[in-house]
Amino acid sequence: MPITSISFKDFKNLNDSFSVKPGINLLIHSNGWGKTNFLEGLDYVSTLKSFRGTPDRELLQWGKSQFAQVTVEINGPEYKKLSVVLSEADDKFSKRVFTNDSPTNAKKFKYQIRTVLYSPHIADIVSSDPETR
């Protein structure tokens, strides 16, 4: 299912929407812009966890927001809008998921889009000493 757009609201340092075209899309920008955060947000919508091991609370834009949202729109055989909303109020943290703006449970939500992530630290699994694996 092809992704057509991804939007971020106060997810780490991202607060913008992006169109995704069929085929290969390149993400080129200066250091510190949020390229890895972009990939983390996309993967988060798939797996509901950070590939960096970042606690969910730390995905909120630091010092600015008590709310973050990542939304992915998919146009395939059927249109889908997948959203993850993270919020914190009165020291209570919540993660809610929505399919086409309707609340759903995490088990039904996960892996509606498939992501494959390769990160340089993954190479350590096969290239490092047994003690560090």
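The questions and answers below walk through a predicted model, from its sheet to its core, rings and turns.

Local features need pLDDT of at least 70, side-chain atom pairs count only at pLDDT 80 or more, and totals for chains, interfaces and linings use all residues. Residues are numbered from 1 along each chain as its sequence is written, and side-chain values use heavy atoms, with hydrogens and water left out.

Visitor: In what order do the 6 strands of the open sheet stand?
Guide: Strands (E, at least two residues) and helices (H or I, at least four) are DSSP runs, numbered from the N terminus. Two strands pair if DSSP finds at least two bridges between them. The pairing here is antiparallel, and the order is β2-β1-β3-β4-β5-β6.

Visitor: Which strands stand at the edges, each with a single partner strand?
Guide: An edge strand has one partner, so one of its sides is left without a neighbour in the sheet. The twist averages 20° from one strand to the next. The edge strands are β2 (17-19) and β6 (102-104).

Visitor: How many bridges join β3 to β4?
Guide: These two strands run antiparallel. Asparagine 75 stands opposite tyrosine 79 in β4. The number of bridges is 9.

Visitor: What angle does the direction of α1 make with that of β1?
Guide: Axes are lines fitted to C-alpha atoms, for helices over the stretch in contact, and angles run from 0 to 180 degrees between N-to-C directions. Contact means heavy atoms within 4.5 Å. α1 packs on the sheet and touches β1, β2, β3, β4 and β5 (92-99). The angle is about 110°.

Visitor: Which residues touch the most other members of the largest nonpolar core?
Guide: A nonpolar core is a set of buried Ala, Val, Leu, Ile, Met, Phe, Trp, Tyr and Cys residues joined through side-chain atoms within 4.5 Å. Buried means under 20% relative accessible area, exposed over 50%, partly exposed in between (1.4 Å probe, protein chains only). Of the 22 residues in this core, the ones asked for are Ile6, Phe8, Val45 and Val84.

Visitor: Is the ring pair of phenylalanine 8 and phenylalanine 18 stacked or edge-to-face?
Guide: Rings of Phe, Tyr and Trp (its six-membered ring) pair if their centres lie within 6.5 Å; planes under 30 degrees apart count as stacked, over 60 as edge-to-face and the rest as tilted. The centres of these two rings are 6.1 Å apart and their planes stand at 70°. The pair links strand β1 to strand β2, 10 residues apart.

Visitor: Which residues form one aromatic cluster?
Guide: The structure holds 6 aromatic pairs. One of them joins phenylalanine 8 and phenylalanine 11, with centres 5.9 Å apart and planes at 35°, so the pair is tilted. Both of these residues are buried. The cluster is Phe8, Phe11, Phe18, Trp33, Phe38 and Tyr44.

Visitor: Which residue has a side chain in polar contact with that of threonine 99?
Guide: Threonine 99 lies in strand β5 and counts as buried at 19% relative accessibility. A polar contact is a pair of N or O atoms within 3.5 Å; within protein, one must be able to donate a hydrogen and the other to accept it, and residues adjacent in sequence count only if both atoms are side-chain atoms. At 3.3 Å, the partner is glutamine 112.

Visitor: Is aspartate 90 buried or exposed?
Guide: β4 and β5 form a hairpin with 2 residues between them, and aspartate 90 sits in the turn. Aspartate 90 has a positive phi of about 50° although it is not a glycine. With a relative accessible area of 75%, aspartate 90 is exposed.

Visitor: What is the relative accessible area of leucine 48?
Guide: Most residues other than glycine have a negative phi. Leucine 48 has a positive phi, near 60°. Its place is in the loop between α1 and β3. Leucine 48 is buried, with a relative accessible area of 8%.
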